[in-house]
Amino acid sequence: MSYELRANIMPTKPKKNRPKYKRILLKLSGESLQGDKKEGSIDPKMSISIAKQIKNIRDLKVEIAIVIGGGNIFRGFNAASEGMDRSTADYMGMLATVINGLALQDALEKTGLVTRLQTAIEMKELAEPYIRRKAIRHLEKGRVVIFAGGTGNPYFTTDTAAALRASEIDAEVILKGTKVDGVFSEDPMNNKNAKKYDELGYLDVIKDRLKVMDSTAISLCMDNDLPIIVFNFTKPGNIKRVVCGEKVGTLVK
Ligand code: GTP
């Protein structure tokens, strides 16, 4: 068999240090900045460790946008379930994501990255307002763009913000960093026999109520053909493996 023919039929292996994606959207929870510290705080060491991992993939020339959550500081949904007005609680949650956005920006810049922070709710004194075309230009210039403030609307999660911003900026994939190895049939922290899925359809996630993202976020991804990879961000080097096309975590498509 000629080399050319063999090359055509052999499955292509992911290449180390060669990114599969040109533009990604990374969704980070607020808790990821918390590390081992108590609720309501940000661990500067953890933020730097996350920033270094992001720097590693930026060094591969991948364009990176980040949506950050606020759950380490304030969870709108929880406060609403305890009696607070839902919209007010959600606005407080959005403010929490801006605090995290500033902390992440600081950590990223300490690693030498150039960044821009944009907020969905205008607060010009501390960050740029979200302007889609400006965000895309920043990405093209190699700046890491952090989107804070969710979608700017109550009743939407930061996962939905991730799906929305990823669609708007034409990201090829959403990478959702978590503390576990992917999507499981049950909570793997509570059940050792929980089964990990390598691949799922969007409808499986909605139908089986798997905790990947809320149904609004999943529907938006489905409608826009946007794959999601859920992976363990606490394992050093994992994000680089995902970006280089290795089968890590769970792919939802
Ligand atoms: P280019 O147009 O590519 O030069 O992008 P740039 O972001 O470097 O230009 P610009 O002059 O818009 O921004 C310079 C700095 O000001 C950057 O750090 C921006 O993040 C920041 N900046 C721009 N607009 C705002 C704003 O509305 N509020 C705040 N707080 N900072 C802003």
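The tour below goes from a strand to some aromatic rings and then to the ligand.

A quick word on ground rules: this is a predicted model, with local features needing pLDDT of at least 70, side-chain atom pairs counting only at pLDDT 80 or more, and totals for chains, interfaces and linings using all residues. Residues are numbered from 1 along each chain as its sequence is written, and side-chain values use heavy atoms, with hydrogens and water left out.

Let's start with strand 10, residues 228-232. Five of its five residues are buried, so the strand is largely enclosed by the rest of the structure. Buried here means under 20% relative accessible area, with exposed being over 50% and partly exposed in between (1.4 Å probe, protein chains only). Strands are DSSP runs of E with at least two residues, helices are runs of H or I with at least four, and both are numbered from the N terminus. Strand 10 is covered on both faces: Ile-228, Val-230 and Asn-232 are buried on one side, and Ile-229 and Phe-231 on the other.

Who are its neighbours? Two strands pair if DSSP finds at least two bridges between them. Strand 6 (residues 173-178) runs parallel to strand 10 over five bridges, with Thr-178 opposite Asn-232. Strand 11 (residues 250-252) pairs with strand 10 in the antiparallel sense over three bridges, and there Val-252 is the bridge partner of Ile-228.

Now for the rings. The whole structure holds two aromatic pairs, counted when the centres of Phe, Tyr or Trp rings (the six-membered ring for Trp) lie within 6.5 Å; planes under 30 degrees apart are stacked, over 60 edge-to-face and the rest tilted.

| Pair | Centre distance | Plane angle | Type |
|---|---|---|---|
| Tyr-130 and Phe-147 | 5.4 Å | 80 degrees | edge-to-face |
| Phe-231 and Phe-233 | 5.8 Å | 80 degrees | edge-to-face |

Tyr-130 and Phe-147 are both buried. Phe-231 is buried too, at a relative accessible area of 0%, and Phe-233 counts as buried at 5%.

Last stop, the ligand. Residues around it (a heavy atom within 4 Å) include Lys-124, Glu-125 and His-138. Polar contacts are pairs of N or O atoms within 3.5 Å. Oxygen atoms of the ligand lie 2.7 Å from an N or O atom in the side chain of Arg-116, 2.3 Å from a polar side-chain atom of Lys-141 and 3.0 Å from one of Arg-143.

Methods:
A polar contact is a pair of N or O atoms within 3.5 Å; within protein, one must be able to donate a hydrogen and the other to accept it, and residues adjacent in sequence count only if both atoms are side-chain atoms.
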